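Visitor: I am new to this structure. Please show it to me, then let me ask about its parts.

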Amino acid sequence: MFSPLAVISTVIFYMLLLFAVAQLVERRITKSGRPLKSPWIYALSLAVFHTSWTFYGSVGFASTSGLLFLGIYVGAIIGIMFWWVTLRKMVAIKETFRITSIADFISTRYRRSQRIAGLVTVIALVGILPYIALQLKAIVSSFEIITNEQGGASSEYSGIFITLIMAAFTIIFGVRKLDPTERHQGMIVALVVESVVKLVAFASVGLFVCFVLYDGLVDINTRIAEANLSYITQFNVVENSASMWMTLIVLSFAGIFLLPRQFHVAVIENTDQQHIKTAMWLFPLYMIAINLFVIPLAAAGLMSGLPAESADFFVLLLPQQAGYPTLTMFAFIGGFSAATGMIIITTMTLSTMVSNHLVLPLIECFTAAQRLRTHLLQIRWILVVLILACSYWFEYEFSDSYILVAIGLLSFVAILQFAPAVFGGMFWIKGNSGGAFSGLLAGFFIWCYTLGLPTFIKQGWLNQDILVYGPWGIEQLRPEALLGLDGFNPVTHSVIWSLLFNISFYIIGSLIYHPHKDERTLTTEFMAAMQPQNISSKARPTGLDAYITLSIKIEEAKILLSQYLTADKARESVYTIAEDLQVLGKPHITIIELIEFHRMLEHLLAGSIGAASAHSAIEQTIRYSDRESSDLKALYSHIYNELSTKSVAQGIEDEEDELLPNGFGMLSSLQSQIDTLESTVSQQQKEIASLEAKLEARYEEIFKYRMETQKANQENDELRGQLNQLPRNPSLK
């Protein structure tokens, strides 16, 4: 046994060591001026996917359900197989639109809708808070085991203390900067260290059990048969095992893309799309390695006489029971690493989403609160504390409930609701904001009803009769047997109904709702950004007069940015944009250069407050003169007329002089004229649709060309930077 002081001291020392590693990495990057680009670091950072649910929970899952625990990793590996098609596109979108989170990604695809971004944020917050609570419970429970301090006031104080430590290190590691698209490379390297520690710790306990407590895997396998524990090596232990396998595979397939922490590490922190190729083979190897000893540990724990209800912590209890304190402490640090990595990344991501898509829109609604816009970073610090405090409350309130056993799956089902909007938006051009919002809302409502409501009922907050007889005695509305669908695990039942409603509403809503032209244009940009871009050395011919005073537009941009950033940062950012556009120093610019200037300004602002809020801020703040507005309309009209091959408006012959017959003859003539007019209108609508399609195709070409030019400018800047760093030859002076 260890004293609480010794364990706390070890934890603080370990976290300070991680912080020192992160600081050294960031200082090295600052000194060299070059980002840290390593495919191995990127691939290993993805192991944040493996939380305490893997480190502790897999063994407990295997002790009761056999090999079913592998389902969560089979689905993830299947998802990884498609990364070059899917994840690469997500990274391309992030680079183009300066995406900050999964909420920003979804809202950008659908008209930069703040309403959709807010809904995604609420779903993530409600769904992930219990999962953070699970990590806190794992830390507290493991702390109690190795200190023998179960229950009592000391247990409560340890939970509060650990929550405060997590809040402090989350702020230190991940919420020191306002712009979350700036690389947190020091934090990522610290995350890699944690990934290595938890893998080595778990493997060390596994090797200890196999070759110290027993005589190898063959010996363990023989003893499993003798102890009648063969079920832990079977695939179909639980009832309806086939449906549970499919459920776990579907959930983990979606989770490897859409979990907020996974999206941040895989997409936001990606520095090179080519690193995905390394991750596609290295990350699955890590996943296999950390699961190699799950069955031996589960079997050893059950055969050693440890209570089955403590199976989640066999990793700690086995070396502790055998009298190996150093290995016990190492196992504790491994589990602590698995939990803290998830807590830090997830809390950082959630605080960004909440500040950008819930708090900031509220601030914009009230004039008196708008002064808070310059304190968004401090607001995120407060949100970090609030998120962890709510998670601790959930852990404390439900600490003795069944729900913490399957809390990971409950959170996975919540995140699954993003799948139709994300994948539909990437691969179905007809998907639109109407379908996305209705699908997300329907899926989230079903999740709340089929999984959230039973949680509170089983906790005793609501009447148990609702589960047995349904609300108001309507059995067809029973939360765990909706419309008579009975006999499934509650998680499987919720997945079936929530996905059915979500996908149905997404498709039907997208087909019914006709999006505005702005949304169709943004969709075209979104789809174009996912395509590989070829760099062209040709300059962009504008063919327009440079009459717009650049200094006025720069001051306007400074005023806008200073509402959210410091004055120095705002000034530096505006001049950087002007330099990237190669207009810095020019007294006047063209209308196309102005459009590009404002587009880049919006992208920069999106990095701090999210794409939806940035778009809204630009629309409310940026103004065009009468001549600028006229030129924009003329430019649009010119492109439109150039694409037109027919006249949209066709004359209809005047029939006023024709004599109309009386009676039914007059009605027949009128009907004939109506049919003719309807046919004409229908033909015009088809021609308009054809012209719009051509216009969108041309707009896509222009967008691709603009992206090529921007990338060429960025490469030129990098080459100039490298040339400046080369040593000068004294003989050339």
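Visitor: How many aromatic pairs does the structure hold?
Guide: Two rings pair if their centres lie within 6.5 Å. The count for the structure is 26.

Visitor: What kind of pair do the rings of Phe-55 and Tyr-56 form?
Guide: A ring pair is described by the distance of the centres and the angle of the planes. For Phe-55 and Tyr-56, the centres are 5.2 Å apart and the planes stand at 85°. Planes over 60 degrees apart count as edge-to-face. So the pair of Phe-55 and Tyr-56 is edge-to-face.

Visitor: What kind of pair do Phe-445 and Tyr-449 form?
Guide: Their ring centres are 6.4 Å apart, with the planes at 15°. Planes under 30 degrees apart count as stacked. So the rings of Phe-445 and Tyr-449 are stacked.

Visitor: Which helix holds both Phe-445 and Tyr-449?
Guide: The two residues are four apart, about one turn of the helix. That helix spans residues 433-458 and is H20.

Visitor: Is Phe-445 buried or exposed? And Tyr-449, buried or exposed?
Guide: Exposed means over 50% relative accessible area, and buried means under 20%. Phe-445 has 55%, so Phe-445 counts as exposed. Tyr-449 has 19%, so Tyr-449 is buried.

Visitor: Which residues form one aromatic cluster with Phe-55 and Tyr-56?
Guide: Phe-55 and Tyr-56 belong to a cluster of aromatic residues.

Visitor: Which arginine lies over the face of Phe-437?
Guide: Two such placements can be named here. Over the face of Trp-84 lies Arg-88, at 4.6 Å from the ring centre. Over the face of Phe-437, at 4.1 Å from the ring centre, lies Arg-115.

Visitor: Which side chain makes a polar contact with that of Thr-247?
Guide: Thr-247 sits in helix H11, residues 241-258. With 4% relative accessibility, Thr-247 counts as buried. Leaving out residues up to four places away in sequence, Thr-247 touches Val-491, Thr-492 and Val-495. The polar contact, at 2.8 Å, is with Thr-492.

Visitor: Where is Arg-111, and with which side chain does its own make a polar contact?
Guide: Arg-111 is in the loop between helix H6 (102-109) and helix H7 (114-147). Its relative accessible area is 31%, so Arg-111 is partly exposed. Not counting residues up to four places away in sequence, its contacts are Ser-433, Tyr-513, Glu-519 and Leu-522. The polar contact, at 3.5 Å, joins its side chain to that of Tyr-513.

Visitor: What separates the C-alpha atoms of Arg-111 and Pro-515?
Guide: Along the chain, these residues are 404 residues apart. In the model, their C-alpha atoms are separated by 8.8 Å.

Visitor: In which helix is confidence lowest?
Guide: The chain averages a pLDDT of 81, and 86% of the residues score at least 70. Confidence is highest in helix H13, residues 275-289, at a mean of 95. It is lowest, at a mean of 62, over residues 626-643, which form helix H28.

Visitor: Where else does pLDDT stay under 50, besides residues 534-543?
Guide: Where pLDDT is low, the predicted coordinates should not be read in detail. Residues 534-543 are below 50, with 17 contacts in the model beyond near neighbours in sequence. Another stretch has 24 contacts beyond four places in sequence, and its pLDDT stays under 50: residues 643-672.

Conventions: Residues are numbered from 1 along each chain as its sequence is written. This is a predicted model: local features need pLDDT of at least 70, side-chain atom pairs count only at pLDDT 80 or more; totals for chains, interfaces and linings use all residues. Side-chain values use heavy atoms; hydrogens and water are left out. pLDDT is the predictor's confidence in each residue, from 0 to 100. Contact means heavy atoms within 4.5 Å. Buried means under 20% relative accessible area, exposed over 50%, partly exposed in between (1.4 Å probe, protein chains only). A polar contact is a pair of N or O atoms within 3.5 Å; within protein, one must be able to donate a hydrogen and the other to accept it, and residues adjacent in sequence count only if both atoms are side-chain atoms. Rings of Phe, Tyr and Trp (its six-membered ring) pair if their centres lie within 6.5 Å; planes under 30 degrees apart count as stacked, over 60 as edge-to-face and the rest as tilted. A charge sits over a ring if NZ of Lys or CZ of Arg is within 6 Å of the ring centre and within 35 degrees of the ring normal.
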